[in-house]
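Reader: I'd like to learn how to read the helices in a model like this one. Could we go through it together?

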Amino acid sequence: MKTKSLIALAVAGAFTFSAPAIAGPEVNTSLGAVLVAGKPAPGLAAHGFDVVAYFKVSKPVQGDAKFAITHNDATYRFASEANLKAFKANPAKYEPAFGGYCAYGVSVGAKFDGDPRYWKIVDGKLYLNLNADIQQAWLKDIPGAIKKARSNWPKLADKLPSEI
């Protein structure tokens with residue numbers, strides 16, 4: 001699939017699946033934030049999936065609300081107390097790159113929802129992608145895409161997806 005087609009597909013997917021940045025534009029949070037004391041409650045990071053599980057069991061695992069912590073304006077959920085403790089001890093190790101937004105999207109200067117089912121750990125960092133097609137494009141040149149994304153991220157981090 002050509003890059004322009006992938007970008008068009010990603011843009012269409014972003015409008016379908018993108019989450020509001022209620023908890024702050026730098027962290028991708030899932031839909032369904034609620035108000036607490038009149039203010040937006042932190043949204044779910046990684047759509048409630050356990051970010052530590054990717055490193056420990058090499059697969060996406062849904063987190064449980066009883067093992068949760070708020071970090072950088074997002075609520076992270078974990079499948080176990082042990083994973084919660086691991087995250088508390090070193091959040092930077094487990095946080096998804098680019099605030100959980102699609103790594104390929106950031107590499108092309110956009111912010112698309114990161115789907116926890118399409119992931120890869122590269123050099124000890126968790127990266128999410130929008131969908132299977134976009135992930136296939138990203139996998140063709142991971143080092144190049146990461147380099148472009150790192151260059152783009154400072155310009156994108158504080159913007160809402162709708163502002164880009």
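Reader: Which residue caps the N-terminal end of H6?

Author: Happy to start there! This is a predicted model, in which local features need pLDDT of at least 70, side-chain atom pairs count only at pLDDT 80 or more, and totals for chains, interfaces and linings use all residues. Residues are numbered from 1 along each chain as its sequence is written, and side-chain values use heavy atoms, leaving out hydrogens and water. The cap is Asn 131, with a side-chain oxygen 3.1 Å from the backbone nitrogen of Asp 133. Helices (H or I, at least four residues) and strands (E, at least two) are DSSP runs, numbered from the N terminus.

Reader: Which residues of H6 are buried?

Author: First, the general idea: an α-helix has 3.6 residues a turn, so residues three or four places apart point the same way. In H6 (residues 132–139), the buried ones are Ile 134, Gln 135, Ala 137 and Trp 138. They cover an arc of only 160° around the axis (taken from the directions from the helix axis to the C-beta atoms), which puts them on the same side of H6. Buried means under 20% relative accessible area, exposed over 50%, and partly exposed in between (1.4 Å probe, protein chains only).

Reader: And which residues of H3 are buried?

Author: In H3 (residues 81–89) they are Asn 83, Leu 84, Ala 86 and Phe 87. Seen down the axis, these fall within an arc of 160°, so they line one face of H3. The face turned away from that buried side carries the exposed Lys 85 and Ala 89.

Reader: What do the buried residues of H3 pack against?

Author: Their partners are helices H2 (53–57) and H4 (91–94), plus strands E4 (64–71) and E5 (74–78).

How values were computed:
Contact means heavy atoms within 4.5 Å. A polar contact is a pair of N or O atoms within 3.5 Å; within protein, one must be able to donate a hydrogen and the other to accept it, and residues adjacent in sequence count only if both atoms are side-chain atoms.
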